[in-house]
Amino acid sequence: MEANPAALPTPSRARAGIRLPGLGVGLARGYVVLYLSLIVLLPLAAMTDQSLSEGLGTFWDQVTTPQALRSLELTLIASLIVVAINGVFGTILAWLLVRDEFPCKAAINAVIDLPFALPTIVASLILIQLWGPNSPLGVDIAVTKAAVVVALLFVTLPFVVRAVQPLLIEMDREMEEAAASLGAGGFTIFRRIIFPNLLPGLAAGVALAFARALGEFGSVLLFAGGLPDTMVSSVYIRQLIETGNETGAAAVSVVLLLASVALLGLVTLFQRWGSRHERSTATSAAAGVTVMPLSGEEPAKTREDDERE
Amino acid sequence: MGISVEGANKSFGDFQALNDVAIEVPDGSLTALLGPSGSGKSTLLRAIAGLETLDSGSVLIDGEDVSTKPTQKREVGFVFQHYAAFKHMTVYENVGFGLKIRKEDKQKINARVHELLDLVQLHGLADRYPSQLSGGQRQRMALARALAVEPQVLLLDEPFGALDAKVRKDLRTWLRRLHDEMHVTTIFVTHDQEEAMDVANQLVVMNDGRVEQSGTAGELYEQPSNEFVMSFVGEVNRIGDAFVRPHDMEVVRDADQSTVEGMVQRIVALGFEIRAEFVLGDGTEVWAQLTRSELERLELREGQIAYLRPVQAKSFNGETPSESQGASTPPGSEDGGDAEVTAEAV
Amino acid sequence: MSVSSGTAGRWSLRVLGLGYILLLLLLPLALIFYKTFEDGISPPLEAITSENGMHAFKLTLITVAIAVPLNTIFGVICSLLLVRHKSRGSWLIDAVINLPFAISPIVIGLSLFLLYGSNGWFGPGLEEAGIKILFSTPGIVLACIFVSLPFVVRETVPVLQEIGTEQEQAASTLGANGWQTFWRITLPAIRWGVAYGVVLTTARVLGEFGAVTIVSGSISGQTQTLPLFVAKEYENFSLPGAFGASVVLALLALATLLAMNLLKRKEDA
């Protein structure tokens, strides 16, 4: 419990706010570090250990088997296609949701999060129903490369929409009005004013979507299946586990893990880039806390001091 | 390029922002749209720019009806209260934006941008980003940006509202000088009557979506057409039906039929003027503006009783405002006629 | 859209955007409801109220009941740490918390499998102590905690930043100690952010498939959660079971969306 409840924060160390209830800060830090280590870091370390347990040579061999490479290629290319498509459609949807009015807008806004909320295996199932052997539309792309793309489109759509939406909401409309008063037409305004300001957030959303696409499993499993040509890396890893090749599975997993970490780094970079010209988001980015786009909520408004003379 | 607006009406849902508004802005003038929040002044300005569409009525620029023209084509320069700087572009790119999209060649843009940056005293800051500038600098950049494309008309929406007092005063002077040099028809919106009177040659006072009165600062101050204008433009005391300016309120030690009794509540020295606050017998609070020598001569203290005489007063019963002047003669005066008090600059 | 596109532009955007959603999200969703109840309600109902189905349902709920509170407590404490008591290591904590967003669930499952497996670091020790992690509920819970770790933190941090410290400082000056301030000032201020995070966490735990597949072995009637049940039924060509369970999960997803929406509005208010 607090020894000196009336003490105001000392100016020298900007000790903002309260002390954690009942615990010291040190204890809290210990708890957080322990929790993260136990839940996240140790398992990943164990996996990395396993991947190298038979030496670097084996690691390399496992990662470069024909199927491993085929799966990796499929995964990468499909993911790239998907984020490109969803980059465009996601932006369009964010635009419609923020700037346009149409019936059922609130419902559509909610439905965007469906891929977030729906279990991936169910997604796989419902995609098979619409685009598989019994498709009412007569389109059967089950167990093809196209199926991979469609499944990934499904699960990554919310990432881009929710990354762009807050930016559009927060965007200073007066910049657009100023551009109009200077003679810029609609498309010019989008190209030179709106888009450059969206770009960092869009890039962050795309990077996150890409990371998700690379590792996606449930939605691809039933829909794209496990043929050599339609097997994404995550399905391949599972196959390796089932055939008892734990080292191989670990090796390929490490490759995916490294890609994930790299992408997360990119996301942080893009967000810092985006806050270069702002002051409000600069505070959160500078705090080292990444702001993950999760849903269409308004971004936290920190107090802006306008008058700085 | 003169501007005129006729029969303008605009509502936002239930709220009527403009109610049959008509104004005339002569070519080359510097006009202020003055009024409290919600008076419709910003809406009117934005309607002139094309950023709002009128429900009915028309906007004419240089005799041409532009009501159906989009903003892009109206050639109006617009300056926003919060600058609307293009955050992702440098100062140079901001100012040059209008020229760039008109596909002017690089050298011409370069020359013009630097010319304007010198004009607005932002020389040397061309490569900075708006977030690196102070508020006053950003606003000057916004002005340079608007002027770069040589607009017919310059519209400023509470341009100094987001700045603090000292900067506001400096930029005010600076705007007037700029206008003297460039002679572009300029309209600016403000709620600050001092600012309007200081800068503009014509004031349009608005309230509740209507134009109350327009004219020069002097005209509005001396001959306000109604109670609202009188109280908005300059300070005013109200005694019954009469409205008296504080500097028209004479304070004397001896009573007579023309005076009213009041007790001194507070004496405040505000810079060069002294403000003596009184409460009258019926509870009305009034204040009189005095000079230091008057204060000393009268030897006024808080709690004392003194007598107040309106030298000039206006009342607005019915349509036409009427004036009345103090009946008594100031001591020592030869005239015996009307006592004239010079209006002190407010 | 007053300063931008004309009407033709606006309509083409609408057609593109809304058409995309219809095709990608809405039609498949509608179809599953249709297909499930095509032959009436009894086939799917029977299938999910079967022994395996009910077990899967229960196991899923148990997992939620354990994983979500644990991650919520962690999330609140961690947010307070990150926002109010920043240190030089904060960026690392932040980075690790973001990992579950980007790592494949299969990789997550495998890493747990290897840590607690019979050749793993913890495996033999725990076996001797008689604690079974893999192919059992604890493993499933651990996997779900891993995958749903970030949500409460991610949603609470911005709210904490936004409310600032002034209210808490005011409480201090009025004599409140740390716990009182937390309980009466901080917690009420962040509750909608936390609630939102809890909803997201729950949805994630309910629907987790890849990681749980690996750690549980998907043993019917024992270590099968509802998503695993869906997969098994489908693989066994038992469509009513797969569809029925899918509908249950889809309904839970829609309920989640509803909760998300309501809470989002509370958060913005």
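**Figure 1. Helix H8 of chain A and the residue that follows it.** Just after H8(A), Gly183(A) takes a positive phi of about 105° in this predicted model. Helices (H or I, at least four residues) and strands (E, at least two) are DSSP runs, numbered from the N terminus. H8 spans residues 173-181 of chain A and is mostly covered, with seven of its nine residues buried. A residue is called buried if 20 or more other C-beta atoms lie within 10 Å of its own, exposed if 12 or fewer, and partly exposed in between, with C-beta atoms placed from the backbone. The buried residues of H8(A) are Met175(A), Glu176(A), Glu177(A), Ala178(A), Ala179(A), Ala180(A) and Ser181(A). They pack against helix H9 (186-215) of chain A, and also against helix H1 (41-49) and strand S6 (76-79) of chain B. Residues are numbered from 1 along each chain as its sequence is written, while chains are lettered from A and ligands numbered from 1 in the order in which they are written. Since the model is predicted, local features need pLDDT of at least 70 and side-chain atom pairs count only at pLDDT 80 or more, whereas totals for chains, interfaces and linings use all residues.

**Figure 2. The contact between chain A and chain C.** Chain A contributes 96 residues and chain C contributes 100 residues; two residues are in contact if their C-beta atoms, placed from the backbone, lie within 7 Å. On the chain A side, helix H1 (residues 25-51) supplies the largest share, 16 residues. That side divides into 67 nonpolar, 16 polar and 13 charged residues. Here Ala, Val, Leu, Ile, Met, Phe, Trp, Tyr, Cys and Pro count as nonpolar, Asp, Glu, Lys and Arg as charged, and the others, Gly among them, as polar.

**Figure 3. Helix H6 of chain A against helix H12 of chain C.** The axes of H6 (residues 120-131) of chain A and H12 (residues 226-235) of chain C come within 8 Å and cross at roughly 35°. Axes are lines fitted to C-alpha atoms, for helices over the stretch in contact, and angles run from 0 to 180 degrees between N-to-C directions. H6(A) takes part through Ile121(A), Val122(A) and Leu125(A), and H12(C) through Pro227(C), Val230(C), Ala231(C) and Tyr234(C). By class, the residues of this contact are seven nonpolar, no polar and no charged.

**Figure 4. The largest nonpolar core and Ala151(A).** A nonpolar core is a set of buried Ala, Val, Leu, Ile, Met, Phe, Trp, Tyr and Cys residues joined through C-beta atoms within 7 Å. The largest one holds 272 residues, of which Ala151(A), Ile48(B), Leu110(C) and Ala143(C) touch the most other members. Helix H7 (residues 145-170) of chain A gives the largest share of this core, 16 residues. Not counting residues up to four places away in sequence, Ala151(A) touches Ser124(A), Leu127(A), Ser219(A), Val220(A), Phe223(A) and Ala224(A). Chain A as a whole has 13 helices and zero strands, and 52% of its 309 residues count as buried.

**Figure 5. The six-stranded open sheet of chain B.** The strand order is S6-S7-S8-S3-S9-S10, and the pairing is mixed. Two strands pair if DSSP finds at least two bridges between them. S6 and S10 (210-215) of chain B stand at the edges with a single partner strand each, so one side of each is left without a neighbour in the sheet. Neighbouring strands are turned by 15° against each other on average, direction ignored. S9 (residues 202-207) of chain B pairs with S10(B) in the antiparallel sense over five bridges, and Val205(B) has Gln213(B) in S10(B) as its bridge partner.

**Figure 6. Strand S3 of chain B and its two partners.** Five of the five residues of S3 (residues 30-34) of chain B are buried. Leu30(B), Ala32(B) and Leu34(B) point one way from the strand, and Thr31(B) and Leu33(B) the other way. S3(B) pairs in the parallel sense with S8 (residues 185-190) of chain B over five bridges, where Thr186(B) is the bridge partner of Leu30(B). S3(B) also pairs with S9(B) in the parallel sense, over four bridges; there Leu34(B) stands opposite Val205(B).

Figure 7. Chain B averages a pLDDT of 86, and 92% of its residues score at least 70.

How values were computed: pLDDT is the predictor's confidence in each residue, from 0 to 100.
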